[in-house]
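These are my notebook entries, written for someone who is opening this structure for the opening time.

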Amino acid sequence: MNISIHIVASLLLFGFIFLTLKLPKTPERYRDHAMLLATAIALLWAIHPLQTQSVTYIVQRYESLMGMCFLLSLFCFVKGFTSKYRAAWYLGSVIACAASAMCKEVAVVIPLVVLWYDRAFLAESWRELFRDRWLVYVGLFASWLILAQVAMVPIENHNKHGTVLVHEVDFTGDQPIRTVVGPREYLYSQAHAIPFYLQLTVLPMGQSLDHGWRATYSLAEAIWPGVIVVAALGLTIWCVFRAPRWSFVGASFFLILAPTSSILPIQDIVFEHRMYLPLASLLTLIVFGIYEGLRRTEPEQPSSSSHLSASQALVVVLAVLVIVYGGVSIARNEVYRDDESMWRDVLAKNPSNPRAYHGIAHAYVMQGDWAKAIPYLEKTIELHPEYPFKGGYANTFLNGAKKSIELGDVDMALKLLDLTIKMNPQDSEAYFLMAKLIQHQNPRQSIALLHLAIDRDPQNEEAQQLLKRLTQ
């Protein structure tokens, strides 16, 4: 399913770029090679290693599905401008926009991206734009009503899912130190994140499912990488006045990244799937840059028939890039073969990432190998005692302890109960089971555990009965 969605999205990207290059405003040198240029961009986008998280990691399907509908909206819009069935295509653009909005909040920028594209490539003036297509924009901006539901989500849910109310916790001292990551700190952090995305686009090395970056809290730390971001923004603004069509490439990159990589705090500073659509803008610049470079080195009158034209040379360069990027993508996909290999790759690149240890432990739990899972859970708790997903795993390990008791493996049961209590100190049943297991070897400790069980749940009758029997 994920691959099918990505293939359709790639074809839509090809169609959108091809139709754009065939527009009357496009320079003739691009119109003549529209097929080649559109193929180069769409193919590189389809096989680029940065796409593996969106396509191969199943839970990121909402990213690729949003991207497919996003591109469908753009394709239908430009097709509506060039087709005699304008109303049908424009309606398709509006419907696709709404579908994208129901997939992910990033779709909030579709009307803005379409508006920028319209003014840069289609309309001669703002008056013409709104006069001829105002109804289309009413439909596109109506998608914001779908996304307005986010405002009605209780603030507790935002906190639970790591958005808006974001904080980092440092456990290196005696007491955990909580630091709020507000809009300013998140903006500083994106000054590092966006150049990192640019680096991964050109040189996809160091990819990870979970980079585990911590926030940046001072302007001094953000200023140097921020120069790259500010320069790119400045160039986009300059293009608005001097090269409007090129301004769309920069604007689409920043607009699509804006919901996740600007000032709205999100628990994770960097995630590769956020580059699913913005990658197309960067690859457009790369492909056109290579083509222009090759064209300018091409002699006006080739001295021999063996001399490659700019388009032929671009095919050669494209073939090399496809082999390189495709090979890296194949290797990267091997990491996603199973949970354990995926999280071991994360651990190799960030040995202090608690989610990596937790992920490996989860893989062993799913295999029923409790002995191998325990050290990784203990390391998770050591690095992050308040790990957000620990509550669910407390129940998992409690059930594992019960199964171990049934099998007569007391030592394993005690280890699992100890982990259960560490992950959920309010679990009355875990205290009771541990007390029951050690009542003969260590009655005093058993009594202490029973008091803890009753403190957590005064209605725990089994604990009360055992305590009464041990204290008689």
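Entry on helix α18. I looked up E382 and K379, which are three residues apart in helix α18 (residues 370-383) and are therefore separated by about one helical turn. In this predicted model, their side chains meet in a salt bridge, with 3.4 Å from N to O. E382 is exposed, its relative accessible area being 54%, whereas K379, at 26% relative accessibility, counts as partly exposed. I then noted that salt bridges with shared partners join R29, E292, R295 and R296 into one network.

Entry on the other salt bridges. How many salt bridges does the structure hold? I found 18 of them, and I followed two further pairs in detail. R332 forms a salt bridge with D345, and the closest N and O atoms of this pair are 2.9 Å apart.

E340 is partly exposed, with a relative accessible area of 22%, and R344 counts as partly exposed at 31%.

I looked for nonpolar surface and noted a patch of about 560 Å², made by W126, F130, W134, L135 and V138. V138 lies in helix α8 (residues 126-141) and is partly exposed, with a relative accessible area of 48%.

My search of the whole structure gave two cavities of 30 Å³ or more. The largest cavity holds about 40 Å³ of space, and its lining includes A40, L44, I286 and L321. Which helices each supply at least two residues of that lining? They are α3 (34-47), α14 (278-297) and α15 (310-335), and α15 gives the largest share, four residues. By class, this lining has nine nonpolar residues, with no polar and no charged ones.

The second largest cavity holds about 30 Å³ and is lined by E63, K104, V106, I256, T260, R274 and P278. By class, I noted three nonpolar, one polar and three charged residues in that lining.

Technical notes: Residues are numbered from 1 along each chain as its sequence is written. This is a predicted model: local features need pLDDT of at least 70, side-chain atom pairs count only at pLDDT 80 or more; totals for chains, interfaces and linings use all residues. Side-chain values use heavy atoms; hydrogens and water are left out. On a 1 Å grid over the protein atoms alone, a cavity is a set of points where a 1.4 Å probe fits but cannot get out, and a pocket is an open set with protein on both sides within 12 Å along at least five of seven lines; lining residues have an atom within 4 Å of a point. Grid points are joined across faces, edges and corners, and a volume is the space filled by probe spheres set on the points. Ala, Val, Leu, Ile, Met, Phe, Trp, Tyr, Cys and Pro count as nonpolar, Asp, Glu, Lys and Arg as charged, and the others, Gly among them, as polar. Patches are made of residues with over 30% relative accessible area and no salt bridge: like charges are joined within 9 Å, nonpolar side chains (Val, Leu, Ile, Met, Phe, Trp, Tyr) within 5 Å. Accessible areas come from the Shrake-Rupley method with a 1.4 Å probe; for residues, only the protein chains shown count as cover. A salt bridge is a side-chain nitrogen of Lys or Arg within 4 Å of a carboxyl oxygen of Asp or Glu. Buried means under 20% relative accessible area, exposed over 50%, partly exposed in between (1.4 Å probe, protein chains only).
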